[in-house]
Amino acid sequence: MIQLRQLYLPLVRHVMQLRQLYPFAILCFLSLLSLRPSLAQPLVELTRPGPWAGVSGLMAYHGKLYFVNSQIFVNHNAADIYSYDLHRSEAENPANHSPIRFEHRLFSQDTGTPALIDGLMYWPFEDPRFSTTHGEYIISNGQAWQWRMAPEIRGFHVHAMQSHQSTIYTLASGWRGRIYRSTDRGQTWTQLYEHPTPDGYVSRVTTMVAQQATLYFGVTAWAEDGTAKLLHLQDGRVRPVPGWPTGHAIGALSAFRGRVYAVNRIDDTSPRVWRYQPGEPARPVTALDDYRVQAFAATPTVLWAVSTGPQGGLLWRSTDGDTWQSSQSFPDMPVAITVTDGQVFVGTYNEERGGALWGPAALRSRVPAPPAPLPDRPARHLSPAALKQAVQALDDALFNVHPQHYRQRLIRALLPLALSHDPAAGAALSERLKGPLPETPVKRMIGTATMPAVRMARWYLLFAVALNGHGDIPPALLSLPWTVPPNPAEKYFEPMPAATWAVSELGQSDPATRAALRQALRSEAPAWSKGDVLLALHRLQGAPFRYPAP
């Protein structure tokens, strides 16, 4: 996780510099009065949904605009998903019929880039908080939310998912960036590419876009000089795009009118937009040289972008990719953009006031079609003999303590039971969660620090019961006092967050569980952990999702 923080330090420094621009917010608002005709109507602030600094992950689905409120750019345990009803606005509804609705919360440090696949929303866990080193994501039809793990996807992060030519592609990374694909709707996954990365260094494959029949991928590798970071998939192989300039990272990435547009980053001093079309040399888009483009959104006729720079946050528009027109200023830092039914929506970052969703004041949307049903979760069935063997392997990993490898052995033993979705396996996991567990000091995730084996065992047993979907959680685990100080990675093994996620997944709503959740909401635990409790109360008894006042 320390390496991940270093990966984003240049962007964090830039965000801190932007705070100096706040005195110019009034000028930004005044600029709305002189909008050019490229934007049919000015964007207005639609909502600031919660306490966290950023709004991103914008995605239109069935008449709603879904988005994530999170503390982007830093390690932080929040990823709250909301929707904004495009059929109605705040002005058209009384307070008790707000168009803003809390939908779900990921057990992740932020979300990766979501996608619409086969009529369903796919929400990747950018940094899963259970840290099993296997890819996690949620699929949803807007009514039900189904948590999945893909054991073949290795890494701490799932950055993005996308469907292309009947295949789902997933970008993941641990120490090395990887590309995975599934041809059976996520039942199984195979690795397509691993970025060559020297030991001790970090690489990521974080962005992708389809341009006609070709997929393009953006790599981040700050310690790697002299190579192009834009890749493409051709003839079954992933390789660098010919003629693309060298750099350290690809930022925003989009496709428009037969060309690919990407922000090519060299160190933190010279991000520049380039374009590429097969058969032609890559060329810089010089009209945007003075601005840091944060995101693109393409329609068949217009390429949109949001940027930061000396003039603050700006919305841009181009019909040819070469000439660009500034359409609007923002008082906050724009970080995300999408276009649906010809309407532009922007997500912004503001450390003091929280992230905001911007869009047109007069909204319109097509009548949504009925949502697609969720498929069954992939179940890896265990025969009675295999179940017995898996439980024995778990007991060996739990009680035959290997201090340096306890975590790895435990996860390996838990996965067959968790992924079976078998009630008998869930019962076996729950029994061990309630029983005595060893106190031997074991190694944490990284470095030399140790912790009692019982804390790590409880954490991963809670993960396994929640993923299995069967069993029960002792209510006492929901209200144990928070005893650990903050750490830079924001990775914790305290049982309360994992237990709240587990009872939410299980639908465990007995009186003792509900009472323990209400007690947890009043605890001295970190503010982000209250979101875990609120999610459980929301799912179990329909309680409003509102953070307590600080």
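The side chains of Asp127 and Lys491 form a salt bridge, with 2.9 Å from N to O; the term covers a side-chain nitrogen of Lys or Arg within 4 Å of a carboxyl oxygen of Asp or Glu. Between domain 1 and domain 2 the count is two salt bridges. Seven residue pairs, both at pLDDT 80 or more, are in polar contact between these domains. A polar contact is a pair of N or O atoms within 3.5 Å; within protein, one must be able to donate a hydrogen and the other to accept it, and residues adjacent in sequence count only if both atoms are side-chain atoms. On the side of domain 1 that touches domain 2, the elements giving two or more residues are β8 (134-140) and β9 (145-154), and β9 gives the most, with four residues. Strands here are DSSP runs (E, at least two residues), numbered from the N terminus.

This is a predicted model, in which local features need pLDDT of at least 70 and side-chain atom pairs count only at pLDDT 80 or more, while totals for chains, interfaces and linings use all residues. Residues are numbered from 1 along each chain as its sequence is written, and side-chain values use heavy atoms, without hydrogens and water.

The domain assignment, automatic or from a database, gives domain 1 as 116-194 and domain 2 as 384-541. Contact, meaning heavy atoms within 4.5 Å, links 16 residues of domain 1 with 19 residues of domain 2. The two domains bury about 1500 Å² between them, 68% of it on carbon and sulfur atoms; this is the accessible area (1.4 Å probe) that two parts lose on being put together, summed over both. In domain 1, Arg129, Phe130 and Trp147 lose the most area to domain 2, together 50% of what that side buries.

Elsewhere in the chain, strand β26 (residues 333-340) has seven of its eight residues buried, where buried means under 20% relative accessible area, exposed over 50% and partly exposed in between (1.4 Å probe, protein chains only). β26 runs antiparallel to β27 (residues 343-349), joined by seven bridges; strands pair if DSSP finds at least two bridges between them. Met333 stands opposite Tyr349 in β27. Two residues lie between the strands of this hairpin, and Asp341 in the turn has a positive phi of about 50 degrees.

Arg353 is in the loop between β27 and β28 (356-360). Why does Arg353 count as partly exposed? Because its relative accessibility is 46%. The side chain of Arg353 makes a polar contact with that of Asp332 (3.3 Å).
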